[in-house]
Amino acid sequence: MKFVFIIDPISKLDPTHDSSIAMMESAQTLGHEIWITYVPQLSIVDGKAYGHLQPVTLKPVELVDNHWISSDNWYSLQESQFLPLESFDGVFMRKDPPVTIGYLYATYILDLINPSTTKVINTPQGIRCANEKIYALNFPSVIPDTIVTQSKSVIADFLEEKGEAVIKPLGGKAGEGILFLQKGDRNFNSLIEISTKQGQEPVMVQQYLPAAKEGDKRIILVNGKPLGAVNRIPTGKEFRGNMAVGGRVANGNYSPRLENL
């Protein structure tokens, strides 16, 4: 099969860490043809989604002493071609947040792909509807007390009630821009002004859970069934457990009740 991956610049990706590269390596190992493109290289021509696409060959990472190791020249690219995305079997939208206007427009371009000929993963509609942080509000019983606002006074009232809180940008990734708030902090006004861009953008504020220092667990599901879990544990003085900011990774367990979902 032929697959297109819409990614961030490949030269900036880490083959020992980025899941997009792991997916591409696995597909290549299975004998599939891998192409890449970037959001700015997508177009609409004659009502169809097109892109400047490049075939890529990857040199898979190797596991050495329990660490993934990559070579210096871990990918090679061939000449770019301007092709309809419907000429491929699958298109993987793997561009990292933040969700900018360009990102959203890219999902509208992908809407034009005929699903009977080409599978888009994830669906553009799903990406828009279930994007990042706000989607979690559909599950209030299993999340901390949460507000979404750009109002400094609303955040101040929430912090006064909870004592400690975590503020998160709605469209970020890898722990970027996540801040710890504590009642009485003299930097409160500045932190809110920076996070909300002077009150122009809403943010998510959640009650801080002290148990988070023991890690937050990511459970991997395939077709709704758990395959395993990873626990991300903060290290040093860092309260965030994200691997991108130095969080330690440990094997995680999950409740047996998940097996019966």
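Biologist: Leaving aside neighbours within four places in sequence, which residues is T196 in contact with?

Modeller: First, a friendly note: this is a predicted model, where local features need pLDDT of at least 70, side-chain atom pairs count only at pLDDT 80 or more, and totals for chains, interfaces and linings use all residues. Residues are numbered from 1 along each chain as its sequence is written, and side-chain values use heavy atoms, with hydrogens and water left out. Taking contact as heavy atoms within 4.5 Å, and skipping neighbours within four places in sequence, T196 touches Q150, E201 and V203.

Biologist: Is T196 buried or exposed?

Modeller: T196 sits in the loop between α5 and β14 (203-207); helices (H or I, at least four residues) and strands (E, at least two) are DSSP runs, numbered from the N terminus. Buried means under 20% relative accessible area, exposed over 50%, partly exposed in between (1.4 Å probe, protein chains only). Because its relative accessibility is 1%, T196 counts as buried.

Biologist: Now to α1: what arc around the axis do its buried residues cover?

Modeller: Helix α1 spans residues 19-29, and its buried residues are S20, I21, M24, E25 and A27. They lie on the same side of α1, because they cover an arc (of directions from the helix axis to the C-beta atoms) of only 165°.

Biologist: Which strands do the buried residues of α1 pack against?

Modeller: These residues include I21 and M24. Their packing partners are β1 (2-6), β2 (33-37) and β4 (48-58).
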